[in-house]
Amino acid sequence: MHFTRIVAALTTVTLAFGFSACGTGESNQTKGSSSGVSANGNGAGTTKSAIDKTAYDNLVGSIDKASDKDIAASTWATQVKNAGKLRIGGTRTSYLFSQLDETDNSVRGFDAGLYQLLAKYILGDPNAVDLTQVDSSTRESVITNKQVDAVFATYSITDERKKVISFAGPYYTSKQAVLVRAGNDEITGVDSLAGKQVATQAGSTGPSILAKVAPDAKVQEFPSDQEARTALEQRRVDAYVTDYTLMLNAIVKNPNAYKIAGEQFGGDDNYGIGLPLNSDGVEFVNDFLKKIEKEGVWDELWKITLGDRAGIATIPEAPSLS
């Protein structure tokens, strides 16, 4: 998946033009392996941070239900079907990936759309979901304690996590970056974090990455993305290091509060769907992901939840499934 090249160009657009919460123009997305957003902003459509609810709701209800034979072939899917609900570990505060809309009590976003499509695929109803809120420190435990059937929460696939759970996917790719307050010109990237107070999320990949790339930073771990950004806003920390995707959420929602300092760094951060260890749900969910990619549903979900709202002109390739 070539998302990293796209968002690198988007960073330049963000700094040069900002994001408009009231923009009404729409971007013209094309499918490709390289960015449709150039360094000077050409190719980027006008941003509209609010999601198109009608388009989103129509899309998550559009997928055909799986056959009884396919469901019966999976113990995991059969258990979900028999329960009549898909129990999900997720969030309600990730602006682009899973945000609660209090006007209709619905959660919408890229992650939310995926699990709602999966609920429609198994149960025939995208709303047949029980959502348990998780953070980066509780994602494994809700799976191992059998509180949920799956976790959709910008969940990075790591070897350490694969010792206790299994992953379907990947379904998305990100990298790490440095978020600072909009007026901070002192921090110019990961190489300027020595001696600085740097926030990251406990239980995420951030602490181990910072230990390698910025060993002289004074790292503070916070339970959630919201708490880390609050510390940044209150000047209790100088910078926040986490997945670029989470920063994209913050920048689109609060266009004048933050900026990205320097380039993204680190290896590809592949997001997966957390499932019980050695579950046959991995094969079932991967088949589901292949289906929505083949039918163009993945592309359309990306466009509605991310592309249109962040002004990204080119739809990236979905990551290859193992």
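**Strand order and pocket linings**

Reader: In what order do the strands of the open sheet of 3 strands lie?

Author: The open sheet has 3 strands, with antiparallel pairing (at least two DSSP bridges between two strands). Strands (E, at least two residues) and helices (H or I, at least four) are DSSP runs numbered from the N terminus. This is a predicted model, in which local features need pLDDT of at least 70 and side-chain atom pairs 80 or more, while totals for chains, interfaces and linings use all residues. Residues are numbered from 1 along each chain as its sequence is written, and side-chain values use heavy atoms, without hydrogens or water. The order is β3-β4-β5.

Reader: Why is one side of β3 and of β5 left without a neighbour in the sheet?

Author: β3 and β5 each have a single partner strand. One side of each therefore lacks a neighbour, because both stand at the edges.

Reader: Which residue in β4 is the bridge partner of Thr93?

Author: β3 and β4 (residues 98-101) run antiparallel and are joined by 2 bridges. In β4, Thr93 has as its bridge partner Gln99.

Reader: Which elements each supply at least two residues of the lining of the largest pocket?

Author: The lining holds 36 residues, and those nearest the centre of this pocket are Thr91, Thr154, Gln201, Asp225 and Leu246. A pocket is an open set of 1 Å grid points over the protein atoms alone, where a 1.4 Å probe fits, with protein on both sides within 12 Å along at least five of seven lines; lining residues have an atom within 4 Å of a point. The elements are β3 (93-94), β7 (150-156), α8 (225-233), β11 (239-243) and α9 (244-253).
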